[in-house]
Amino acid sequence: MKVRRIYVEKKDNYAVRATELFDEMKNYLGIEADKVRVLIRYDIENVSDATYQNAKITVFSEPPVDKVYEESFPKNDNDFVFSVEYLPGQFDQRADSAEQCVKLLNENEEPLIKSATTYVISGTLTQQQKDAIVKHCVNPVDSRLTDEQKPETLVTVFDDPADVAILDGFKDMDKDTLRKLYDSLGLAMTFNDFLHIQNYFSGEEHRNPTMTEIRVLDTYWSDHCRHTTFATELKNITFDDGYYRPLFEKAFNQYLADHRQQYVGRTDKYVSLMDIGTLAAKRIRKAGKLEDQEISDEINACSIVVPIDVDGKIEEWLVNFKNETHNHPTEIEPFGGAATCLGGCIRDPLSGRTYVYQAMRVTGAADPTKPLNETLSGKLPQRKIVTTAAKGYSSYGNQIGLATGLVNEIYHPNYVAKRMEIGAVIAAAPRRCVKRLNSDPGDVIILLGGRTGRDGIGGATGASKSHTTSSLTTCGAEVQKGNPPTERKIQRMFRREEVASLIKKCNDFGAGGVSVAIGELADGLLINLDRVPKKYAGLDGTELAISESQERMAIVVDPKDVDQMLAYAEEENLEATVVATVTENPRMVLTWRGKEIVNLSRAFINTNGAHQETNVSVPMPDDKQGYFCNSTRF
């Protein structure tokens, strides 16, 4: 069937986006236009005439508020017209939702749909002004200009990916050669970590690693996953002279005393920012004052046990708290970054089988009223970040049905270098519905929810790197694309007691993809990447192993419960596939095309890379800055 094209435009009274862009051009870009129009373009293939005619006025448009044009639309000869589409590999929720809706009209058809946004600017514009408008509308991280020529087909032919490369000579390389290889790979890990890997393969495995093994370890040991910065051992700690030095030293010496008392007889504990931040809670629990805290090997979000009055009967409920930062993703792709900040917050309690009820959002930005020409080199304008991030957060929350009771944005010039984007949620579920069990040999792991694509590859490692003025054009795949309707289905499914009671353990696919989400569920695993559902062909084994495509869960079930769990997933219109089994041998093995591309000992993975150390000199703040106030020092 031929490709059909339609354009959908809001009628004048409902053209909110066009009005917004008109105002942005005038008041922010300083460009006067006669009129601005925004149309959504759909290319459609593999649908019958009857289905197309039905979908035109039910799926693609709403007749009371939309105008629909087939193949072309009326415009003036001198209008400035351009269209924007997502980059290949980026998830397009609009097109995906349209495909699902059209399929509901005729389940025997497999529609192919692609979408783009077409902008029409009327008025006299210079080339410089046209370039400024395009730059305002196109974020190179996830989008690109597309021509107006309709394609012959929407079917994409993907090249068959090459086998995963083995790094020949790796285990025997001299330090200089190893350094050159390290520099060429763009890794988030340190060179000391790279040496640590070489020692492991040379001394224990007696072989060279695959590229997938390097990428998997880079993901596992990224700052995002292992908190390298906070887990670094702090040594030779000194305090500068100043008004607050006695106070700082007293607090630090009390910490050292508590540290020694907490870890009596242990040699594996050292001073770090992570320990400083968590020791107080450990001390309180050791003193018997945190008896309501839920303790388990499965830690998806902070969880406490609370008695709840349900229709006059007291029940034990689990209450979860979770917060997440998406500073870097929101800075380079505001809509998707802020959307998945909320989505990521929801996924952790959700993987713990609790239902999210409330959220809050705290953000930090530089002055969004500054003129465009004061934008820091290599950065998006603050106004673009602030407004687009708000829309992304709102979009995800509205689609999944989550209320946000507190929204605060802090403006400070220091946020011009790195935005702050924090989402936080609270969730709950009856304790009887949630099982906290071990993954036993023979247990089966099911991948539930969305399919895997290239969006989100390197998200954990990308968030762990230092970024430069080129980040906007090189970090596109690191920004994940959320799919709130799919997460909503998982919410509904996990809220069913008969479903939750079958889940022994669960992990979401936030940071690290298959390798981490499934890899954390058991010490011994055999993972078949050929069974991982894909958004499109052409993905190689490494991409399948580390892609962080969103709205997927890895759930551990007893073999006897597999068929029942798959049936529950089908009832919720969720894809579910058996992709792994738990083994007795404490190694993580990933196969692709029937070959092992990862085979690592759990003990080595758990080293978290080379031990990191740093000396610390603590500067003293100015006593006149008012860090501590009382009645005599305002």
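I began with strands E2 (residues 35-45) and E5 (residues 112-122), which pair in the antiparallel sense over 11 bridges. The model I was reading is predicted. I looked up valine 36 and found isoleucine 121 in E5 as its bridge partner.

Next I traced the sheet. I read an open sheet of 6 strands, in the order E3-E1-E2-E5-E4-E6, with antiparallel pairing. Strand E3 (66-70) and strand E6 (143-146) are the edge strands, each pairing on one side only. I noted an average twist of 30 degrees from one strand to the next.

I then checked the helices on this sheet. Helix H1 (residues 16-29) lies across E2 and E5 and runs at about 135 degrees to E2. Helix H4 (residues 127-137) also packs on the sheet, where it touches strand E4 (80-86), E5 and E6. The direction of H4 makes about 25 degrees with that of E4.

I turned to salt bridges; the count is 49. Arginine 179 pairs with aspartate 183, with the closest N and O atoms 4.0 Å apart. The two sit about one helical turn apart because they are 4 residues apart in helix H5 (residues 175-185).

I also looked up glutamate 298, which forms a salt bridge with arginine 436 at 3.5 Å between the closest N and O atoms. This pair links distant parts of the chain, 138 residues apart. Is glutamate 298 buried or exposed? At 8% relative accessibility, glutamate 298 counts as buried; arginine 436, at 23%, is partly exposed.

Last, I noted a network of salt bridges linking Arg492, Arg496, Glu498, Glu571 and Glu572.

Key: Residues numbered from 1 in each chain as written. Predicted model: local features only at pLDDT ≥ 70, side-chain atom pairs only at ≥ 80, totals over all residues. Heavy atoms only, no water. Pairing = 2+ DSSP bridges. Axes fitted to C-alpha atoms, helices over the stretch in contact; angles between N-to-C directions. Contact = heavy atoms within 4.5 Å. Salt bridge = Lys/Arg side-chain N within 4 Å of Asp/Glu carboxyl O. Buried < 20%, exposed > 50% of the residue type's maximum accessible area, 1.4 Å probe, protein only.
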